Amino acid sequence: MEAKPCSEEPKEPAEPEVREAISGPVVEDSPTEKELFHAESEGKEPREKEEDETESRGGESENTTTKSPSGPSEGERGGRECADGKKLKKTNSWKTVRFQDPSGTEAVVERDSSGESLFPEYGVEEWTSSTFEELFMAEDWEDITDDRLLRKKVLEPGPLHALRPTWGQEVAVKMQGVLEDQTVVEKDCKLVFVIGEGDVNQALEECAISMQKDEITLLLADSQYAYGLLGREPDIPAWAPLLYQLQLLGIREKPDPLTMAIPDRIRIANQKRERGNFHFQREEYSMAARAYCMALDVLTTRTRDGNNDGAVEEEEEEVHDYRVKCLNNLATSQLKLEQYDEALHTSRDVLFLEPNNVKALFRSGKLLSDKGEYREAMDILKKALKLEPATKAIHVELSKLVKRQSGGKDTQKWKVKPAQMLGENIAPFLIPSKKKPSGISWKLLLGALVVALGSLVTSVILTARN
C-alpha cells in the first residue's frame, strides 16, 4: 500500500475578486465565521477561509512535511555509501504530492524520512558530482522527448519481456529527486499515481510510461517538465531542473470508482481536490478545473448496478459536502478561465445540492445580471441578501443591477462580450455606434458656391455687352 505521509491540511484556493463584475464573493465554510465578503468599494481582495479539516480516513494530503535530518535508524542496513563518500542533503521541509489511493489489501509502508538514499547500491557519479549541464549534453543518456529536456539513463533494465505501462494505468514507483546541489526535495518508497491524470509532475509521468517493470533509471528533468517558473515553496526554486532516481515497482489497471468502498472514493476524491487546489494557487486554472472534475467523477454513492444501497447516511452526507466544495472550486476556476456559461451551470449544480449556499447564489446572480436576465438575477441576489444581510458585496451588486435595469450610467459602461459566452440575448451589451452623423461636406458646399458665383459673373458680363 502507498506510504502514509505526515500531512498538513492544504488550504482551499482563495477566490480572488474579479474586477469585471463577473465573479462571486468568497464564502466561508462556516456560517458562524466573520463577515463573508469584502465590499468591492473597499478595494480589498476577498480570500476564502480554509476548508473544514479533511477527514482522515487514511487519506493523504498534498503537502507533506518531514523533520530535520537525523542519524541512521537502528534497523537501517549498513548501506553502501556513494562513490565519492558524499551524503545527500535534505531540506528541513520538503514535500511530495501523492493523490491516487492504492489497494487496501497491501500492507502500510512507512515513509522514509531520513536523508539517506533509497538506492544506496547506485551511488553513481551522475548522482553525486556531475553538473546538470554536463548530463544534458552526455552521449550515453537517452532522450525521452525530442527537445532533449527530459532524459534518462537506465541503471538496471527490467526483465527481457517485462511489461510497460500505458496511458491511464496505475503505477507504483520508488523515487527520490534532488537539486543540482544534491538537496533532497522529493522522496517516496512507494508513490502510486495514474498516468495521464496529472497526479504528479509531467517528468514522472513521461518517464514512467517509458520504463519496464522493475527497471531502475536516472531521470534528468528540465524545469518546464517539473515545477517551472514558480518552483515549489519552500524547497524548489524557480526554473530548477531535477535529477530523479526511479524504480518501477508495479503496474495495474486503474480501479473503477463504482466498485470501490465509499470511504476509498472519498479519500481519492479529496486527493484530487487537493491537487486542484495546488494548481489553483499556482494560477494553473485549466489543470485545477480538470482535477476538480476528476474528483467529482469519483464522488458518488452509486455502485456498478446503479443503486446506492451500500452507503450509510454519514457517508452520503460526507460525499454531499465534498461535492459542494469541488463544485464551488470548479466554478471559481471556470470564472478565471472566462468560461461564464460553464461557471453559471456549475453554480446551479451547487444550488441543486445546497439551495442556501450564499457563494453560489451570489455568483449566479452576478452571472445572470451580466447576461441581461435581470429578473432572475434580482430574485437570486435578494435571496442571498436575506441569508447574509450584512454582506456589503451583495448590496453593491444589487445597486448595480438596479442601475442596469433603469438604463443608468453603469449600463453605458458595460462591455461587449462574445455571443457564445452570453447566449442569444446580447442586446443589453451592445454599444451604440460611434459613426459621425451623415451630412454635406464643407468642401462640396464651397465648390458649389464658387461655381454659382462664376456663373453669376459670367451672366453679368454677357448682359453688359449686349
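Is Cys326 buried or exposed? Cys326 is buried, with a relative accessible area of 1%. Keep in mind that this is a predicted model.

Cysteines, then. A disulfide is a covalent bond between the sulfur atoms of two cysteines. How many disulfides are there here? The count comes to 0. For Cys326, the nearest cysteine sulfur belongs to Cys293 and lies 9.5 Å away. As for accessibility, Cys293 counts as partly exposed because its relative value is 35%, whereas Cys326 is at 1% and buried.

Next, a helix pair. Two packed helices are described by the angle between their axes and the distance between the axes. Helix α6 covers residues 313-336 and helix α7 covers residues 340-353. Their packing angle is about 160°, and the axes are 8 Å apart. Angles over 145 degrees count as roughly antiparallel, so α6 is roughly antiparallel to α7. The crossing of these two helices is left-handed.

Which residues make the contact? On the α6 side they are His320, Arg323, Val324, Leu327, Asn328, Leu330, Ala331, Gln334 and Leu335. On the α7 side they are Tyr340, Glu342, Ala343, Thr346, Ser347, Asp349, Val350 and Leu353. By class, the residues of the α6 and α7 contact split into 9 nonpolar, 5 polar and 3 charged.

That is it from me.

Notes:
Residues are numbered from 1 along each chain as its sequence is written. This is a predicted model: local features need pLDDT of at least 70, side-chain atom pairs count only at pLDDT 80 or more; totals for chains, interfaces and linings use all residues. Side-chain values use heavy atoms; hydrogens and water are left out. Axes are lines fitted to C-alpha atoms, for helices over the stretch in contact, and angles run from 0 to 180 degrees between N-to-C directions. Helices (H or I, at least four residues) and strands (E, at least two) are DSSP runs, numbered from the N terminus. Angles under 35 degrees count as roughly parallel, over 145 as roughly antiparallel, 65 to 115 as roughly perpendicular and the rest as oblique. A crossing is left-handed if the near helix is turned anticlockwise from the far one by less than a right angle, and right-handed if clockwise. Contact means heavy atoms within 4.5 Å. Ala, Val, Leu, Ile, Met, Phe, Trp, Tyr, Cys and Pro count as nonpolar, Asp, Glu, Lys and Arg as charged, and the others, Gly among them, as polar. A disulfide is a pair of cysteine sulfur atoms within 2.5 Å. Buried means under 20% relative accessible area, exposed over 50%, partly exposed in between (1.4 Å probe, protein chains only).
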